[in-house]
Amino acid sequence: MEIVSVAVPGPWWTDLSYTHGYPLPPGIRVRIPLGASSRVGLTAVAEEPENSVRPDDIKEIIDVIDRLPPLPDELWRTICWFAKTWFIGKGMAAKALLPVPFLAGEPLEEVCPGPRTGSSSVRYVYEPRDSDRMAVYRDILTASEAPLLALFPELSAAKKFWDMLPAPVKEEGVLWPDLSKGKQWDFWKRSRKGEIRFAVGCQTASFIPISGLSTIIVDEENSGAWKTQKHPLFHHRSVLAARAGFAKADLVLGGRMPSAKVFLQIGRDNVRSRIRDRLIFVDMRDASSYSSDGIKDRLPISRPLIRETRNSLEKGRWVFWILDRKGYAGEIFCEDCGSPVRCPKCGGVMRWEDKTGRLRCLDCGSVEPVPEKCPTCGGPFLEGQRPGLEALEKHARSLFGRDGIILFSDDGTKIPSAASIMKNYPEAGIILGTRKILSLTDDISPGTVGWIDADAEARVEEYDAKARAFSLMWESAWRGESPDSRKIVIQSRRPEKNWQQTLGIGWGHFWERELQERMEWELPPFVPMLKIDIPAFKRKQLAEDLEQAGFDYWESEDRSDTIWVRTKKFDALRKTIAPYFDIKNTRSGIPRITIKLD
Ligand SMILES: [Zn+2]
Ligand SMILES: [Zn+2]
C-alpha cells in the first residue's frame with residue numbers, strides 16, 4: 001500500500017494522508033472519506049510526511065476519478081504557487097480558481113496536452129483612451145493563431161472588446177460572461193480539449209484550462225475590480241502574471257494607468273496624456289455652498305461646477321456628480337451636549353436616511369426612527385452632519401429643475417442599466433451617486449464629472465487611499481467614448497495638495513511622489529503587509545511566536561482578533577504560523593490571512 005497526500009478544500013494547510021494500491025501523480029482528483037462523509041480532493045506532493053500518523057490508522061482512497069492529471073501542468077503549478085504565496089491550503093486554492101463541477105468530481109475526458117515550448121515576455125499597454133488600448137489588444141489577438149485569454153475587470157468592457165472583433169475571428173473564440181453557469185462548465189471542458197482558441201471575459205474566465213495558452217491580456221490591471229470580495233482575498237493580476245510565467249505565455253498588461261508594482265518596472269517614460277486643460281480645481285473654502293434642513297454643514301456646489309453642468313446639459317450631454325456619502329446626512333448630533341446618536345443595539349455610527357425618515361446603523365444595519373430628543377441628555381435639538389447624496393439631490397433639483405436628475409443611492413440596490421437610463425431620459429441629465437456610477441461611463445460618456453468632496457475620497461485611513469482616489473479621478477477623465485471633450489471639476493478644501501495637483505500632469509508624477517513616501521515608510525509595494533485574523537484567545541500566543549521569530553508586527557487596537565505583520569520573508573513566516581493552520585485547529589478556529597502586496 002502506498003501513502004498518498006490529498007489536498008481537500010478547507011481553511012487548514014494540512015494535506016491529508018490516505019492509502020492506495022499504487023502511487024498517484026500529483027494533481028489527480030480522488031474521492032476520500034472525511035469524517036462521516038466523502039469529499040473530492042487533489043493528490044499532492046507531501047511536503048513533510050505526517051510523522052504522527054501510522055499507516056494502520058490511515059483510511060483508503062474511495063475512488064480515483066482521473067487517470068491522468070486533468071489540468072494543464074501550468075494551471076496546476078499556478079494553483080500550488082497561489083496556495084503557498086497567499087497562505088492558504090492547496091484545496092482552497094483550487095476551489096478559488098476552478099469551477100464547482102470540477103471539485104464535485106464531474107467526469108472529464110482524457111486529454112494529453114504536450115508541454116509548450118517558447119518563452120514568456122511582458123508587454124505594457126498604457127493608453128488612457130479605452131478605444132486605443134482595445135485596438136492594440138485586437139491586433140494582438142488577430143495577428144496570432146495561438147490560444148489566448150483577453151481579460152477585462154468589468155463585463156461592459158469585455159463586451160465592448162468582443163464587439164470590436166471581426167465576425168470570422170469571433171467564431172474561433174467565446175465571450176465568456178454571456179454564458180450561463182451550465183454553459184460555462186461546458187465551455188471550460190471544451191477549452192481544455194483545444195476546441196476554443198480564445199476567450200474574452202472577466203474574473204470568471206481567468207483560470208480556464210485553455211489548451212496551449214500562449215498569451216494573457218489583463219486590461220486595467222490597476223483596477224480594484226480585480227480583487228476578490230470574499231476569502232481568499234487576492235488580486236487576479238498577481239495570480240495571472242504567475243500563470244503566464246508557468247505557461248511560458250506572453251503577458252500583456254494594460255490600463256489607463258499602471259499599478260504601483262508595474263510603475264516600478266516601467267517608470268514614467270510612458271506617460272503621454274495630460275488632462276490639465278480640462279481639469280478645474282475649486283477651493284471649497286471660497287465656493288458657494290448650500291444648506292440643507294436640519295444639517296449643520298453646507299454642501300459645496302461651486303459656480304464652475306454649475307457652469308460646466310449647464311454647458312453640458314445645453315449640449316445634450318450627461319453630467320455625473322460623485323459624492324461618496326450615502327443617505328441624507330452622515331450622522332446626527334445633539335446641539336446641547338454634542339453626543340452623536342448611536343445605534344441602540346451595537347453602539348455603531350447611525351446614518352440619517354431621508355427617504356425613510358430613519359437612522360441606519362453602519363455596523364449592524366439596524367434601522368431606528370429619528371429620536372425626538374437626545375438619548376444622552378434629553379436635549380430637544382438634534383442636527384445632522386456631513387450632508388450626503390439625498391441632500392445633494394434636493395439641491396440639484398432646485399438648481400436644475402425637477403426632470404432629469406437621477407439618484408443612485410447605493411443602498412444595496414443595483415445601478416440602473418445605461419440602456420434604461422437613456423430610454424427614460426432621452427434628453428440627458430445629471431446622475432448623482434457614489435463612485436460606483438463611474439461604470440456607467442462605458443455607455444454614457446458624460447460631458448462633465450463633478451467630484452463634490454474630493455478630499456473625502458481619500459480620507460479613509462489606509463495607506464493606499466490616495467492612490468485609489470487618484471486612479472478613480474483619472475478614470476473619470478478617461479473612461480468611456482471620446483473623453484477628450486469631458487471636463488472634470490474637483491471641489492476640494494486643499495486643492496494644492498500634492499496628489500490632486502498631479503492629476504493635471506499625469507500618473508507618472510503621482511506615483512513618483514507616492515512611492516517615495518511609501519518607500520520611506522516601508523509600505524507596500526516595498527514591504528508587503530499581512531493582516532492575520534485569528535480567534536481572540538489565540539492572539540497573545542501568536543504575538544509571542546512572531547516576537548520570538550523576530551517579525552515586525554503589531555496588534556490591532558480596534559479589533560482583538562487581528563494582528564498585522566510587515567515582512568518580505570514569506571517562507572519564514574509560513575514556518576512560524578504553520579501550527580495555527582493545522583487541521584487539528586478546526587474546532588478552535590483557523591486564522592485567515594489577507595495580503596497587501598501593492
Ligand atoms: Zn444631548
Ligand atoms: Zn448597530
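Modeller: Buried means under 20% relative accessible area, exposed means over 50%, and partly exposed lies in between, with a 1.4 Å probe and protein chains only. This is a predicted model, in which local features need pLDDT of at least 70 and side-chain atom pairs count only at pLDDT 80 or more, while totals for chains, interfaces and linings use all residues. Residues are numbered from 1 along each chain as its sequence is written, chains are lettered from A and ligands numbered from 1 in the order in which they are written, and side-chain values use heavy atoms, with hydrogens and water left out.

Colleague: Is cysteine 361 buried or exposed?

Modeller: Cysteine 361 is one of the residues that coordinate the zinc ion (ligand 2). Its relative accessibility is 2%, so cysteine 361 counts as buried.

Colleague: Which residues coordinate the zinc ion (ligand 2)?

Modeller: Donors are N, O and S atoms within 2.8 Å of the metal (3.2 Å for Na, K and Ca); water is not among the atoms, so sites may look incomplete. Along the sequence, the donor residues of this ion follow the spacing C-x2-C-x14-C-x2-C. At 2.3 Å, the zinc ion (ligand 2) is coordinated through SG atoms of Cys343, Cys346, Cys361 and Cys364.

Colleague: What arrangement do the four donor atoms form around the zinc ion (ligand 2)?

Modeller: Four donors count as tetrahedral if all angles lie between 85 and 135 degrees; four count as square planar and six as octahedral if opposite donors are over 155 degrees apart and all others between 65 and 115; anything else is irregular. The angles subtended at the zinc ion (ligand 2) are 99 to 116°, and therefore the arrangement is tetrahedral.

Colleague: Which angles do the four donor atoms subtend around the zinc ion (ligand 1)?

Modeller: The protein donors here are the SG atoms of Cys334, Cys337, Cys374 and Cys377, lying 2.3 to 2.4 Å from the ion. The arrangement around ligand 1 is tetrahedral because the angles are 107 to 112°.

Colleague: How many disulfides does a search of the whole structure find?

Modeller: The criterion is a pair of cysteine sulfur atoms within 2.5 Å. Across the whole structure, the number found is zero.

Colleague: About how much area do domain 1 and domain 2 bury between them?

Modeller: An automatic or database assignment supplies the domain bounds, which include domain 1 (2-103) and domain 2 (122-256). Their C-alpha centres lie 28 Å apart, and each of the two contributes 18 residues to the contact, where contact means heavy atoms within 4.5 Å. Buried area is the accessible area (1.4 Å probe) that two parts lose on being put together, summed over both. For this pair, 78% of the area is on carbon and sulfur atoms, and the total is about 1,600 Å².

Colleague: Which residues does glycine 429 contact, leaving aside its neighbours within four places in sequence?

Modeller: Glycine 429 lies in the loop between helix 12 (418-424) and strand 22 (430-433), and at 3% relative accessibility it counts as buried. The contacts of glycine 429, sequence neighbours within four places aside, are Leu313, Trp318, Val319 and Gly404.

Colleague: What is omega at the peptide bond that joins histidine 231 and proline 232?

Modeller: Proline 232 is placed in the loop between strand 10 (215-218) and helix 8 (236-247). The bond that joins histidine 231 to proline 232 is cis, with omega about -5°.

Colleague: What is the phi of phenylalanine 87?

Modeller: Phenylalanine 87 lies in the loop between helix 1 (73-85) and helix 2 (90-97), and it counts as buried at 2% relative accessibility. Although phenylalanine 87 is not a glycine, its phi is positive, at about 60°.

How values were computed: Helix = DSSP H or I, 4+ residues; strand = E, 2+ residues; numbered from the N terminus.
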